[in-house]
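Subject: Structure for your study

Dear colleague,

Please find below the structure that I would like to hand over to you.

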Amino acid sequence: MNGPRKLYVKSFGCQMNVYDSRRMADVLAPHGYVETAAAETADLVILNTCHIREKAAEKVYSELGRVRRMKEAAAAQGRRLVIAVAGCVAQAEGKEIIRRAPAVDLVFGPQNYHRLPDLLARAERDGKAVDTEFPIDDKFDHLAAPDRAAIRARGVSTFVTVQEGCDKFCTFCVVPYTRGAEISRPVQKVLAEVEHLAEAGVREVTLIGQNVNAYHGEGPDGRPWPLARLLERVARVDGIDRLRYTTSHPRDMDDALIAVHRDLPQLMPQLHLPVQSGSDRILAAMNRRHSRADYLDVVARLRDARPDLALTSDFIVGFPGETEADFAATLDLVDAIGLSGAFSFKYSPRPGTPGAEMDDQVAEDVKSQRLQRLQETIDRNQAAFNRRCLHRTFDVLFERPGRHRGQLVGRSPYLQPVQVDAPVSLIGEIAAVTVTEIASNSLFGALVQAQQPPVSALLSAGA
Ligand code: SAM
Ligand code: SF4
């Protein structure tokens with residue numbers, strides 16, 4: 001490649017895609033690509049796509065229309081703009097994408113982005129390139145490490161992928177087909193990445209995976225380590241003050257993992273634990289392999305270990321066969337858990353999954369109406385959780401400037417964004433903040449005066 005080229009990457013969907021997008025930029029940096037926030041000036045545009053729901057997949061095609069017009073404008077100025085489609089839509093649809101959107105030059109799946117420089121050369125030589133094989137080699141072994149400037153630009157809190165793929169096969173979900181079988185990265189490789197991030201100033205790491213608590217990466221002793229042990233080891237990396245992990249499956253919340261919520265001070269008191277439905281009949285049809293009682297039992301054991309644990313979840317409404325009674329059980333479960341927040345979705349039949357073939361699909365207007373009722377219940381729970389934080393003092397990790405002059409935004413231990421009047425020098429620092437106001441679910445706080453010792457989060461049991 002000659003001279004610096006501009007790269008624009010747009011991520012759709014989950015945190016795994018955010019992480020992958022950054023790693024694509026890392027792979028291309030030694031080949032002369034620098035990231036830009038202005039797509040229209042780019043030489044290479046990558047859309048890193050999500051296939052989880054139909055709407056997410058369709059968004060890609062409308063975005064491709066916009067990028068095609070940019071490509072035409074660039075060509076009119078004598079510039080070549082290369083368009084690449086990456087991620088799960090690319091994996092699922094392969095060359096069909098080029099058939100529907102001929103302006104696309106390059107299509108590659110989530111397991112192939114370490115080959116990006118070769119794929120770009122192939123597209124330049126042959127006009128188009130498609131790579132959606134599941135390779136035998138591990139992409140992580142071929143990824144260039146980001147430099148300090150790139151790490152700092154990404155902020156003091158970052159993701160590290162430790163596990164990929166899924167073997168659970170929930171009947172609604174495309175992940176096992178687009179991301180492939182479950183694999184875990186070896187402990188030493190995760191540690192090397194976290195140490196590199198910490199040296200550049202990262203303070204908080206979220207270990208991520210589609211099914212992160214099924215982690216079983218090879219330890220330095222040659223044996224598989226569970227997630228609890230990995231967390232304990234990562235917590236010992238100098239400079240890492242805060243740890244989180246996501247997304248977990250209720251079946252893989254083992255005793256050791258529950259215990260680290262009690263024993264590991266760096267592990268933040270917040271957990272995303274998707275349940276999907278409150279009805280045993282629907283959970284069985286979804287092949288979740290846990291019941292409502294199993295889920296409540298895990299929650300009780302977690303709260304026993306960490307009484308102030310903030311729990312969030314995912315829900316799907318209108319899965320085939322869901323009756324009003326099944327849905328009422330979901331509403332009831334939200335209140336029974338006392339969630340601090342949740343994502344909720346209308347069921348979207350995905351081609352190739354068993355759910356899409358089921359007979360008793362729920363009508364769209366019923367799904368919409370249930371989604372609205374569920375969101376009201378979730379909002380009520382979230383507001384109650386936030387109200388319990390008013391006048392409390394806890395540590396906030398400041399991440400970036402706020403919307404107003406003199407304001408910073410940081411995260412509470414419970415992952416809530418908190419807006420505080422504070423000097424820019426506090427970005428990257430952890431400081432004690434008292435919550436002074438809550439307005440439409442946003443938290444506002446004030447720095448605790450320096451002479452007072454920082455007080456860690458102490459919410460009441462069940463908060
Ligand atoms: N692995 C995680 C788990 O087991 O819950 C999350 C996977 S997925 C990326 C995130 C969420 O998308 C799921 O928890 C589910 O609520 C939702 N989702 C997945 N497939 C869906 C579908 N076909 N229709 C609607 N929502 C879906
Ligand atoms: Fe999808 Fe279920 Fe695997 Fe989560 S556990 S990624 S919902 S198949």
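Between which two helices does the loop that holds Arg289 lie? Arg289 lies in the loop between helix H11, residues 280-285, and helix H12, residues 292-305. Please keep in mind throughout that this is a predicted model.

Is Cys389 buried or exposed? Cys389 counts as buried, since its relative accessibility is 0%. Along the sequence, Cys389 and Tyr414 are 25 residues apart, while their C-alpha atoms are 10.0 Å apart in space.

The chain as a whole

The protein chain contains 15 helices and 19 strands. Its radius of gyration is 23 Å, close to the 23 Å that the globule rule gives for 463 residues, so the chain is as compact as a globular protein of that length. Taken along the principal axes, the box filled by the C-alpha atoms is roughly 65 × 60 × 50 Å.

Of the 463 residues, 55% count as buried. Among contacts between residues at least 6 apart in sequence, 72% join residues at least 24 apart. The accessible surface of the chain comes to about 20,000 Å², and 51% of this belongs to carbon and sulfur atoms. As for charge, there are 58 positive and 60 negative side chains, and the centres of the two sets lie 4 Å apart.

Residues in strands

Thr312 lies in strand E13, which covers residues 310-317. Its relative accessibility is 16%, and Thr312 therefore counts as buried, because the limit for buried is under 20%. Not counting residues up to four places away in sequence, Thr312 touches Gln270, Leu271, His272, Leu273, Leu339, Ser340 and Gly341.

Glu204 belongs to strand E10, residues 204-208. At 2% relative accessibility, Glu204 counts as buried. The side chain of Glu204 makes a polar contact of 2.6 Å with the side chain of Ser157. Neighbours within four places in sequence aside, the residues in contact with Glu204 include Val156, Ser157, Thr158, Arg242 and Arg244. Met268, Leu397 and Glu399 are also in contact with Glu204.

Val418 is found in strand E17, residues 417-421. Val418 is buried, as its relative accessible area is 0%. Apart from neighbours within four places in sequence, Val418 is in contact with several residues, among them Phe394, Val396, Leu408, Val409, Val433, Leu443 and Phe444. Gly410, Ser412 and Gly445 are also in contact with Val418. How many residues lie between the positions of Val418 and His51 along the chain, counted as their separation? They are 367 residues apart along the chain, and their C-alpha atoms are separated by 32 Å.

A helix residue and a cis peptide bond

Lys189 has its place in helix H8, residues 187-199. With a relative accessible area of 33%, Lys189 is partly exposed. Lys189 and Asp126 are 63 residues apart in sequence, and the distance between their C-alpha atoms is 36 Å.

Finally, where does the chain have a cis peptide bond with omega near 0°? The bond from Thr246 to Thr247 is cis in this way. Thr247 lies in the loop between strand E11 (242-246) and helix H10 (255-263).

Yours sincerely,
A colleague

Methods:
Residues numbered from 1 in each chain as written. Chains lettered and ligands numbered in written order. Predicted model: local features only at pLDDT ≥ 70, side-chain atom pairs only at ≥ 80, totals over all residues. Heavy atoms only, no water. Helix = DSSP H or I, 4+ residues; strand = E, 2+ residues; numbered from the N terminus. Buried < 20%, exposed > 50% of the residue type's maximum accessible area, 1.4 Å probe, protein only. Contact = heavy atoms within 4.5 Å. Rg over C-alpha atoms; globule rule 2.2 N^0.38 Å. Areas by Shrake-Rupley, 256 points an atom, 1.4 Å probe, with all protein chains shown as cover. Lys, Arg positive; Asp, Glu negative; His and termini not counted. Charge placed at Lys NZ, Arg CZ, Asp CG, Glu CD. Polar contact = N/O pair within 3.5 Å; in protein donor to acceptor, adjacent residues only side chain to side chain.
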